[in-house]
Amino acid sequence: MAFTRATGKHRAPSRLSRKSAHVAGVAALATTGVIGTLASPALAAAPDAAPGSLEDTGLNQAVITDTLAEQLDAQAEAQELEAQEAAAKAAAQAKAEAEAKRKAEARVKAAREAKERADREAERQRLNAFQLPIAGTYVSTGYQTGGAMWSSGSHTGIDFHAASGSTVVSVGAGTVVEAGWGGAYGNNVVIRMNDGTYTQYGHLSSVSVSAGQTVMPGQQIGLSGSTGNSSGPHLHFEARTGADYGSDIDPIAYLRSHGVNV
Ligand SMILES: [Zn+2]
């Protein structure tokens, strides 16, 4: 029957087709005059509507209501989409911020590690640096110079020209193994260098370190003098492979091999 189609509620057919059905229904009513068979409460609720009129009928209201519902559905859907997009955007932003923070922290960490490496390298170079045992002077007597002066028959070190009281320093980093009277060497200091070699400083007027003490390159260990078997103030300097007398090596070659310009 044509009426049942006209009273359909949700997912209504187009406004035009519903109006056409209404016209058909009204036409059917006019011919039969049987209003009691009308199935549509909406149509029944509009008794003032003139037969055949397309205005102000319940059907129109139903169509408007459906359209509104669809609009609301669409709006809700759009709002949900918007919310999802906003959430996705916020998540992406949070991720980007976290990534930026992680990168910034990584940069700070890398910079700190680079500085620590540089500091360690500088410290290593400082500790490995060698220098002259006495500044601003020259070698007055060379290594292995012969003469009655030395018990071995030849000079076991080199002599630096120096007035009494000149500052004498350790040529490198090491540990003092002897500090005090050394017989023919007078007041002397023997240092075991960090590379395992030994250096000795003789005829000192005073000693300012003690055995067991670690020394840095250039650290003062005493003052030059003329104690022991000495003909006059100077610094006697020896380089050795061992702690004891007789293990001496060429001090000039030794200093040069450690980068000292002598
Ligand atoms: Zn000497």
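These notes walk through a zinc site, an aromatic pair and some strand pairing in a predicted model.

1. **The zinc site.** Start with the metal. The protein donors of the zinc ion are H155 through NE2, D159 through OD and H236 through ND1. They lie 1.9 to 2.2 Å from the ion. Along the sequence, the donor residues follow the spacing H-x3-D-x76-H.

2. H155 and H236 link distant parts of the chain, 81 residues apart. H155 sits in the loop between strand 1 and strand 2 (158–161). H236 belongs to strand 10 (residues 234–240).

3. **Buried or exposed?** H155 counts as buried because its relative accessibility is 0%, and buried means under 20%. H236 is at 3% relative accessibility, so H236 counts as buried too.

4. The model has 3 aromatic pairs. One of them joins F130 and Y254 edge-to-face. Their centres are 6.0 Å apart, with 75° between the planes. This pair also links distant parts of the chain, 124 residues apart. F130 is in the loop between helix 4 (58–128) and strand 1 (139–141), while Y254 is in helix 5 (residues 251–257). Both F130 and Y254 are buried.

5. **Strand 9 and its partners.** Look at residues 220–223, which form strand 9. Strand 3 (residues 167–169) pairs with strand 9 in the antiparallel sense, over 3 bridges. Strand 7 (residues 206–207) also runs antiparallel to strand 9, joined by 2 bridges.

6. Which residue of strand 9 is the bridge partner of V207? It is G222. G222 also stands opposite V168.

Conventions. Residues numbered from 1 in each chain as written. Predicted model: local features only at pLDDT ≥ 70, side-chain atom pairs only at ≥ 80, totals over all residues. Heavy atoms only, no water. Pairing = 2+ DSSP bridges. Helix = DSSP H or I, 4+ residues; strand = E, 2+ residues; numbered from the N terminus. Phe/Tyr/Trp six-rings, centres within 6.5 Å; stacked < 30°, edge-to-face > 60°. Buried < 20%, exposed > 50% of the residue type's maximum accessible area, 1.4 Å probe, protein only. Donors = N, O, S within 2.8 Å, 3.2 Å for Na, K, Ca; no water.
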